[in-house]
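Please look over the sequence and the structure shown below before reading on. The paragraphs after it are meant to be read slowly, with the structure kept in view.

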Amino acid sequence: RWYDKIAEVLESFGFVSCPCMPALFRHKIKKIILNVHVDDELMAASPSDGEWVLTMLRQHFVLSAVGPGPTLQRGNGEELLYLKKRHVFVDGGVVILPHQKYYNNLRELFNFSSSTTAKPTPEHPNITKEDNSEPLEAAEQRIFRSALGTCLYLSHDRPDIQYAVKCLSASMRSPTKNSLVHLKYLCRYLLGTEGYGILFPYSSLQSRCADRLHERDNAKSLRKACVEAFTDSDWSGHAVTRASTSSGYIFVCGCLIMSFSRTQKSISMSSCESEICAATVGAGEAILIKEVFCFVAGLEADSEVELHLKMDSSSGRQWLHKQGIGRLKHLASRSLWLQQQVKAKEILVSQISTLLNLSDLGTKRLSRARRAFLMHLLPMLCMSCSGEFSHVGEQEFADYVLQKQAKAVASRVQQQQQSNWNTPQHVRNI
């Protein structure tokens, strides 16, 4: 009844709701976007339009307003709290950080002190191995579920822990002593990375994540806006069930909008099949995000926005450009739907190297250096106690740049040597 009431009021002001996400409203004429979450609303508008909306709403409701933020065009450290998430406006963009109370909750549940040693990665080395340990007592089970529930909430804004949370969620019903050890391991990682957050960089409609990864110029005014879905899978990664993991990272104009790490419901018979299952899930989520983005930006989904599917599996890309199941006898009809979308050019499939595939972060347990490198590319920032931000994985990214430059120099030297070798002897003598 509350939603019907506020929707009726907003529609009387000239707002329309998004068909696939009714809690999102856009004004028909003015550049105003409003997100409704029960009695908490988030509005994006110019200062004058924002005051107009508040004036109109006060005719029907008693309300209080926080903001506007930022007061400057690109922000000067202003903070906005919405749905228990901190939105910090800085010169490079908007940083989304989870609320500090969730970290404090984990610290209290396990009585961690300030001197507790932090872990370098969120996944325990044995997180996917067979668990034959004893079940927890009733009191410990309550603590386990409470802590894991907090981690589940944190994972929406912390893509670096989604794979660990996904693995631990399988023990929610019947937690064991080993699963409690694995959860404490995750919590110690979180308490050592409390300042981590996702950066939404200021960007244009032509900005693309792939340009940033390949260090290309994205100032191309003629190309369309883009929704990019990076997908990856870990084939039969679980040592006991042999289930595969699907991971996806979806970007809109270079900003990470959604990420997930999920266990596949069926057992894949090949790495190609597991990659296709991950791509199908990622494409489905990207289509929804594309529709919402077009509604917010006032764009035509078919003619003004492209959907790119990025995969590092050559066999998966080749299969998607075919018709029919071929040798993959176990694929369901929804995967054939993805083939039809690719054939109709509704989804453009392209290659991304394994090294730069961001969705690799949600498929398996990675080394600390590999994780830091991918987190730098997202990008993720770390806020210090003084409120200053720094990029996560700066050293790992610098090492990658040096290695890339060294390979380029070695390639040029090899090409020069090959050219000299092919030159006739009498020409070389001259």
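This is a predicted model: local features need pLDDT of at least 70, side-chain atom pairs count only at pLDDT 80 or more; totals for chains, interfaces and linings use all residues.

Residues are numbered from 1 along each chain as its sequence is written, and side-chain values use heavy atoms, with hydrogens and water left out.

We can begin with Leu-168, which has its place in helix H5, residues 162–169; helices (H or I, at least four residues) and strands (E, at least two) are DSSP runs, numbered from the N terminus. The relative accessible area of Leu-168 is 3%, so this residue counts as buried, a word that means under 20% relative accessible area, whereas exposed means over 50% and partly exposed lies in between (1.4 Å probe, protein chains only). When neighbours within four places in sequence are left aside, Leu-168 is in contact with Ile-127, Phe-144, Leu-148, Ser-179, His-182, Leu-183 and Leu-186, where contact means heavy atoms within 4.5 Å. Leu-190 lies 22 residues from Leu-168 along the chain, and the C-alpha atoms of these two residues are separated by 15 Å.

From here we can turn to the nonpolar cores, each of which is a set of buried Ala, Val, Leu, Ile, Met, Phe, Trp, Tyr and Cys residues joined through side-chain atoms within 4.5 Å. The largest nonpolar core has 46 residues, and those with the most contacts inside it are Cys-151, Leu-183, Leu-186 and Leu-378. At least two residues of this core are supplied by each of several elements, among them helix H3 (100–109), helix H4 (138–155), H5, helix H6 (177–191) and helix H12 (368–377). The largest share of the core, seven residues, comes from H6. Not counting residues up to four places away in sequence, Cys-151 touches Leu-106, Ile-161, Val-165, Leu-183, Leu-186, Cys-187 and Leu-190. There is also a second, separate core of 26 residues, which includes Val-227, Ala-283, Ala-286 and Leu-307.

Charged side chains are the next topic. Side chains of opposite charge can pair when their charged atoms come close. How many salt bridges does a search of the whole structure find? The search finds twelve, a salt bridge being a side-chain nitrogen of Lys or Arg within 4 Å of a carboxyl oxygen of Asp or Glu. One of them joins Glu-215 to Lys-404, with the closest N and O atoms 3.3 Å apart. This pair links distant parts of the chain, since Glu-215 sits in the loop between H7 and strand S9 (225–234) and Lys-404 in helix H13 (residues 394–422), 189 residues apart. Glu-215, with a relative accessible area of 49%, is partly exposed, and Lys-404, at 35% relative accessibility, counts as partly exposed too.

In another salt bridge, the side chains of Asp-360 and Lys-364 meet at 2.6 Å, N to O. Asp-360 counts as buried at 5% relative accessibility, whereas Lys-364 is partly exposed at 25%. Asp-360 and Lys-364 are linked with Arg-370 in a network of salt bridges. Glu-396 forms a salt bridge with Arg-368, where the closest N and O atoms are 2.9 Å apart, and this pair links helix H13 with helix H12, the two residues being 28 residues apart.

Eight of its ten residues are buried, so H12 is largely enclosed by the rest of the structure. Among the buried residues of H12 are Arg-370, Arg-371, Phe-373 and His-376.

Our last stop is in another helix, H11 (residues 333–343), where Gln-339 is found. Is Gln-339 buried or exposed? Its relative accessible area is 1%, and Gln-339 is therefore buried. Leaving aside neighbours within four places in sequence, Gln-339 is in contact with Trp-319, Leu-320, Lys-322, Gln-323 and Gly-324.
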